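Dear colleague,

Please find below the structure that I am handing over to you.

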Amino acid sequence: MTTSRRGLLGRWRAWRDARRARRDTRPAVAQEPKPDWQSPVSVVEPVRPEWSVALASDDEPLLLEAKGGVFQFEVFAHFSFRSNEISVEHLRERADASLREARADLLRMAWPLARTCEAGDPVAAEDLINSHIAQGWCYEQDGARTRCRPTVRVRIDPALRDRMQPSQLDKQEMKEALELGLLKAAHARELTETWLDVFARLEGVEEGADELTPVQRQFLVPFAATLADREFAGMAQAVRAARRKGTDDLANVLKKASEGHEKIGMFEFANAYDKALNAFSQQMGLTPFSWIEDGTHSMEGAE
């Protein structure tokens, strides 16, 4: 019994020693070093905000000579100071201290630009200057940099404004009168055409005719114009009276010519008659000698 227990105990010891031997022969695994809380840790600094301070100098415009050197532009500057390297309070102080220098720098840059622009075109001067100074410039003090970005408004010379104002007012009135006249003309034309169509239908104009003839329109337009617009109706009546007077004058001329044609040659008489009739026909809106052609066609049709 004692021997059996020693044998069992001996086998267990042998198995334990063999296992220890196998474990000692495995490759060593590198252990990660434990963090040393005493060593310094790197910290990523947050992005600094960019502050902005705006200053305007509307009470003190810069005076820049325009092209020709006779008139000046009034330039009102607006300055924007920006920085992310100093506090907003420090930026305000620096902006106030830099305002005079910024105005001087703007004057130096804008002066030659204004000399290329016409005195009566402040818009062109404003666009040119603003495009040239759009990027701005920087001021550096105590290792901190501040960017200045100005914009300008340009006004015309007061003396030139007073000189141009009356003509500009007249131009504006003429423009408004033109727009009103075109509107009234379109209104009168549309209404007159509508009433002419009404007259044509009521008068029973030739069956199958799509439009009035020139002679029919000349007769009906003064009446239709009365229903369309009073001012236009007055002018239409005046045109009608002038045409009637022209007809009477032509009849008198032809009468006197027929009575005294023996004093001049037949060629001279025919030439004068032709010119008078041609001018009368054009004023009446008729084709010269159309009555002769119409009569000829009628005779041919009768034959």
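I begin with a helix pair: Met109, Ala110 and Leu113 in α2 meet Leu128, Ile129 and His132 in α3, a contact being heavy atoms within 4.5 Å. By class, this contact of α2 with α3 comprises five nonpolar residues, one polar and no charged (Ala, Val, Leu, Ile, Met, Phe, Trp, Tyr, Cys and Pro count as nonpolar, Asp, Glu, Lys and Arg as charged, and the others, Gly among them, as polar). Helix α2 covers residues 88-114, and its axis packs 10 Å from that of α3 at an angle of about 140°. That angle makes α2 oblique to α3. The classes are as follows: under 35 degrees is roughly parallel, over 145 roughly antiparallel, 65 to 115 roughly perpendicular, and the rest oblique. Axes are lines fitted to C-alpha atoms, for helices over the stretch in contact, with angles from 0 to 180 degrees between N-to-C directions. The crossing of α2 and α3 is right-handed, meaning that the near helix is turned clockwise from the far one by less than a right angle.

The model is a predicted one, in which local features need pLDDT of at least 70 and side-chain atom pairs count only at pLDDT 80 or more, while totals for chains, interfaces and linings use all residues. Residues are numbered from 1 along each chain as its sequence is written, and side-chain values use heavy atoms, with hydrogens and water left out.

As to confidence, the chain has a mean pLDDT of 78, and 70% of its residues reach 70 or more; pLDDT is the predictor's confidence in each residue, from 0 to 100. Where pLDDT is low, the predicted coordinates should not be read in detail.

The chain has eight helices and five strands, these being DSSP runs numbered from the N terminus (helices H or I, at least four residues; strands E, at least two). Their order along the sequence is α-β-β-β-α-α-β-β-α-α-α-α-α. Of the 303 residues, 21% count as buried (buried is under 20% relative accessible area, exposed over 50%, partly exposed in between, with a 1.4 Å probe and protein chains only).

The crossing of α4 past α5 is right-handed. Among the residues that make the contact are Leu191, Trp195 and Phe199 of α4 and Leu220, Phe223 and Ala224 of α5. This contact has 12 nonpolar, two polar and two charged residues.

Alanine 188 belongs to helix α4 (residues 158-203). Is alanine 188 buried or exposed? Its relative accessible area is 6%, so alanine 188 is buried. Leaving aside residues up to four places away in sequence, alanine 188 touches Ala228, Asp229 and Phe232. Between alanine 188 and alanine 224, 36 residues apart in sequence, the C-alpha to C-alpha distance is 9.8 Å.

Lastly, aspartate 142 sits in the loop between β4 (137-141) and β5 (144-155). Aspartate 142 is exposed, with a relative accessible area of 71%. Its phi is near 55°, a positive value in a residue other than glycine. Most residues other than glycine have a negative phi.

Yours sincerely
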